[in-house]
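Work through the following exercises with the sequence and the coordinates side by side.

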Amino acid sequence: MGGWVTVAFSGDCVPSSIGQASWISSCSTTGGSVNISHTAASGTPGGYSNLAATNTVSNYIGNLTNFSITSGGPTVGNAIWVDWNNNMVFETTEKMFVTNTFVTTTTGNFNIPAGTPFGNYRMRVVTDYNTSTPSDPCGNISRGEFKDCTFAVEAPPFCDRPTNLINNNISSTTASHSWT
């Protein structure tokens, strides 16, 4: 006698942290057509937050994604992974940023890998009190936090964003503007 078996897949690994005295108090991006601006006054119980439904950064290949991460509590290490191949595994090659010293706030940027198809990808931001160079996006750590967001790869705009904006001859009724 045959039958159907239902199998449920849980998705990306679910990391955890025993203590939340170190957490991601602020995570933001700039440079995308849509950016993240997330803040938290304290750590999440268990050390993991899936914010993918409410926190999305959208950008296109060739345009830098700038970010800033601020951690609550003492200095920590930070890292960012993006699951570019959507296989539900954060591979070493998908680590887009990692600190090399303990910090409270860190900034940086990264590019979308060439050839990445348009679509949504899981981005994981990690803060870890125990190491200045977090290396396990799926770990069970003693003190820190993991937050997932969505990274949307989109088509580039029809024309590039203007640069070198210059305003001249400004009066109460007229102005001259030029840009590249």
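**Exercise 1.** How far is the sulfur of Cys27 from the closest cysteine sulfur, and in which residue does that sulfur lie?

*Solution.* In this predicted model, the closest cysteine sulfur to that of Cys27 belongs to Cys149, at 5.5 Å. A disulfide requires sulfur atoms within 2.5 Å, so the separation of 5.5 Å is too far for a bond.

**Exercise 2.** Determine which cysteines form a disulfide, and describe the link.

*Solution.* The count comes to one disulfide, formed by Cys13 and Cys138, whose sulfur atoms are 1.8 Å apart. The angle about the S-S bond is -60°, and the link is left-handed. Because Cys13 lies in the segment before β1 (16-19) and Cys138 in the loop between β10 and β11 (140-153), the pair ties together parts that are 125 residues apart in sequence. Cys13 is partly exposed, with a relative accessible area of 21%, and Cys138 is partly exposed as well, at 29%.

**Exercise 3.** Identify the side-chain polar contacts of Ser71 with Thr127 and of Arg122 with Asp148.

*Solution.* Begin with Ser71, which lies in strand β6 (residues 65-72) and is buried, with a relative accessible area of 4%; its side chain makes a polar contact of 3.0 Å with that of Thr127.

Key
Residues are numbered from 1 along each chain as its sequence is written. This is a predicted model: local features need pLDDT of at least 70, side-chain atom pairs count only at pLDDT 80 or more; totals for chains, interfaces and linings use all residues. Side-chain values use heavy atoms; hydrogens and water are left out. Helices (H or I, at least four residues) and strands (E, at least two) are DSSP runs, numbered from the N terminus. Buried means under 20% relative accessible area, exposed over 50%, partly exposed in between (1.4 Å probe, protein chains only). A polar contact is a pair of N or O atoms within 3.5 Å; within protein, one must be able to donate a hydrogen and the other to accept it, and residues adjacent in sequence count only if both atoms are side-chain atoms.
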